[in-house]
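Subject: Structure handover

Hi,

Here is the structure for you to pick up. My notes follow below it.

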Amino acid sequence: MKTYQIVTDATADLTQDVVQALGIDVIPMEYDIDGEVHTFAPGGSDISLETFYSQLRDGRQAHTSQINPLVYKEHFERYLAQGMDVLYICFSSGLSATIQGAHTCIQKLQEKYPDRRIYCVDSLCASSGEGFFVYSAKKKQDEGMEIEELNQWLNDHRLNVCHWFTVDDLGHLRRGGRISSATAIMGTALQIKPILHVDEEGHLINMFKVRGRKKSLSGLMEHMSQTWTPELGTEVFIGHGDCPADADYLASLIRDKHPQAQVSIFPIGPIIGAHAGPGVVALFFWGSSR
């Protein structure tokens, strides 16, 4: 019998079928489009991703919010009340203060359930990188790893989860303060595509610039080739913001270069998509370093 439950949040960008197959719990998250509030969770969203990205392309603005501690309480307590422990894998603290609400909730629940163990792991991951980390955690649980050991394993290996991104629309980076208006205008005119990654503190960092979409996609694969460590696992995740053809193109590059790679493709949901915009493509894999 399973003695602990793995929980994550909707930023992990896992699909409903994967969530059900893994048997994990995903906490929904809210966002708004021009003030109209929506909820996102695998299989439980009130508008489709196609609609969401279509609205962004039409110029509408999306904003995200943190998880309310009461929502954490609802999800955690359902397992604690059954005598189970909880291991929560949270969105990167370098990109959101969501984890603070989790800690507030856990402190109160620990007083109510002193015999239960509640671990909160700051994944330092984002999007399908977080999903990749959760997927790997579930594999370890299925192999028989106890909660204390898994908590330690996750903290020991989180910086081996590599994140490389590129975006198609610089306007979203400009609105998020990642680049200046002048840089966005000039970059758009010259077809400059940034390549970004998530650093060791969980922050999204602008690393390189290339000209043209295909060069940016091949650039992601080249960075993987530099640090990929298949000894840790051959799984490779690709996330995309409503651009499946580009994700397929990147997958083909990886399979040609690294035939042993087990590539899976996932849509990027509105929590991450609100900041990266339509056309974002992201690559996640086990690496020797970020």
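A cavity here is a set of points, on a 1 Å grid over the protein atoms alone, where a 1.4 Å probe fits but cannot get out. Grid points are joined across faces, edges and corners, and a volume is the space filled by probe spheres set on the points.

Some ground rules. This is a predicted model, in which local features need pLDDT of at least 70 and side-chain atom pairs count only at pLDDT 80 or more, while totals for chains, interfaces and linings use all residues. Residues are numbered from 1 along each chain as its sequence is written, and side-chain values use heavy atoms, with hydrogens and water left out.

**Cavity**

The count is one cavity of 30 Å³ or more. The largest cavity has a volume of about 40 Å³. Its lining (residues with an atom within 4 Å of a point) consists of Thr8, Asp9, Ala10, Ala12, Asp13, Leu14, Val26, Phe40 and Pro42. By class, that lining has six nonpolar, one polar and two charged residues. Ala, Val, Leu, Ile, Met, Phe, Trp, Tyr, Cys and Pro count as nonpolar, Asp, Glu, Lys and Arg as charged, and the others, Gly among them, as polar.

**Helix pairs**

Two packed helices are described by the angle between their axes and the distance between the axes. Helices are DSSP runs (H or I, at least four residues), numbered from the N terminus. Axes are lines fitted to C-alpha atoms over the stretch in contact, and angles run from 0 to 180 degrees between N-to-C directions. Contact means heavy atoms within 4.5 Å.

Helix 3 (residues 69–80) and helix 4 (residues 98–112) have axes that come within 9 Å and cross at roughly 45 degrees. The two are therefore oblique to each other (under 35 degrees is roughly parallel, over 145 roughly antiparallel, 65 to 115 roughly perpendicular, the rest oblique). Their crossing is right-handed (the near helix is turned clockwise from the far one by less than a right angle).

Helix 5 (residues 127–142) and helix 6 (residues 147–157) come within 11 Å, axis to axis, and cross at roughly 145 degrees. Among the residues in contact are Phe133 of helix 5 and Trp153 of helix 6.

Helix 9 (residues 213–227) packs on helix 10 (residues 244–257) at about 40 degrees, with the axes 10 Å apart. That makes helix 9 oblique to helix 10.

Best wishes

Technical notes. 1 Å grid on protein atoms, 1.4 Å probe; cavity = no way out; pocket = protein on both sides within 12 Å on 5 of 7 lines; lining within 4 Å.
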